[in-house]
Amino acid sequence: MEHDPIVARLRAAGCVFAEAEAAFIRRHLQDTGDIERAVESRTEGMPLEHAVGVAEFAGLTVAVADGVFVPRLRAEAIASAAAAHRPDARVVVDLGCGCGALAAALASRLPGTEVHAVDIDPASVVVARANGRRFGFTAHHGSWWDALPTALRGRVDLAVGYLPHVPTDRVERIHPDFRSHEPRHTVDGGPTGLDQVRAVAAPMGDWLSPEGVFVTLLSTEQAAAVPGRVLSADDEDAVMVLDGAAVGHWGL
Ligand SMILES: C[S@@+](CC[C@H](N)C(=O)[O-])C[C@H]1O[C@@H](n2cnc3c(N)ncnc32)[C@H](O)[C@@H]1O
């Protein structure tokens, strides 16, 4: 194969998927200065998506920024399951939106739907607002449901969230590139990983419409401890649907 200087530099820096990363960089950046800066940042250990400033998610290209959680491929299953489960949803909420990847995917898949997104991290909200202008959703700053306009109380047909759900003692296992560029609160879910799932579940019944549901992804192990229905699962992950009545006081 012809010598590719970008692939060679990425490989020398220890990037296992050097060819795929070089292709990603060239797909999203044209300016030679931008490409050089991205390659430099990546070889210094910045996650690829932060280095380039975008992530690919559910067929879309969304903006991301250093310090903001990089959307993971596995979370695409939440968007697919949620859109298939409630194609009739009129009001959709993405809880803990990061850059707003799930909100963008659902705004694209369910045209005409009112889509809101929430995050506690101001840097994430800035990026989510930029993505919201492109894909058609509104991002709010604050904690879980409290960040939403009160007019949405009892009207949310479909809530989604890829919540922080890594058990505290497993956070150290996350790849160091991500660990040093994504704040700990984006992943750490407490001792069992379920602290934030409980925090979201507790007031859920007040915000969901009578037929409303919350769709999330947990580890298959965690799913067994949560009062919801598994929509799909493999050895690692389970996509779950929870409704306000089933959750009851579980989150309290
Ligand atoms: C695992 S990341 C997922 C981000 C995004 N949904 C995605 O898939 O790319 C979890 C997100 O929850 C946010 N978060 C943590 N605690 C929160 C809270 N109390 N209220 C709202 N968002 C919170 C974090 O800032 C982070 O962006």
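What follows is a short exchange on the fold and the ligand site.

Me: Does the radius of gyration of the protein agree or disagree with that of a compact globule?
Reply: This is a predicted model. With 252 residues, a compact globule would have a radius of gyration near 18 Å. The protein has 19 Å, so the two values agree.

Me: How many helices and strands are in the protein?
Reply: The C-alpha trace spans about 60 × 40 × 30 Å along its principal axes. Within the protein, the count is 12 helices and 9 strands.

Me: Which residue has a side-chain N or O atom 2.7 Å from an oxygen atom of the ligand?
Reply: A polar contact needs N or O atoms within 3.5 Å. A ligand nitrogen is 3.0 Å from a side-chain N or O atom of Ser 143, and a ligand nitrogen is 3.3 Å from a polar backbone atom of Ile 120. The 2.7 Å pair, with a ligand oxygen, involves the side chain of Asp 119.

Me: How much of the accessible area of the ligand does the protein cover?
Reply: The ligand takes up the space of the largest pocket. Its shell has 7 nonpolar, 6 polar and 2 charged residues. On its own the ligand has 600 Å² of accessible area, and the protein covers 96%.

How values were computed: Residues are numbered from 1 along each chain as its sequence is written. This is a predicted model: local features need pLDDT of at least 70, side-chain atom pairs count only at pLDDT 80 or more; totals for chains, interfaces and linings use all residues. Side-chain values use heavy atoms; hydrogens and water are left out. A polar contact is a pair of N or O atoms within 3.5 Å; within protein, one must be able to donate a hydrogen and the other to accept it, and residues adjacent in sequence count only if both atoms are side-chain atoms. Accessible areas come from the Shrake-Rupley method with a 1.4 Å probe; for residues, only the protein chains shown count as cover. On a 1 Å grid over the protein atoms alone, a cavity is a set of points where a 1.4 Å probe fits but cannot get out, and a pocket is an open set with protein on both sides within 12 Å along at least five of seven lines; lining residues have an atom within 4 Å of a point. A molecule sits in a cavity or pocket if more than half of its atoms lie within 2 Å of its grid points. Ala, Val, Leu, Ile, Met, Phe, Trp, Tyr, Cys and Pro count as nonpolar, Asp, Glu, Lys and Arg as charged, and the others, Gly among them, as polar. Helices (H or I, at least four residues) and strands (E, at least two) are DSSP runs, numbered from the N terminus. The radius of gyration is taken over C-alpha atoms; the globule rule is 2.2 Å times the number of residues to the power 0.38.
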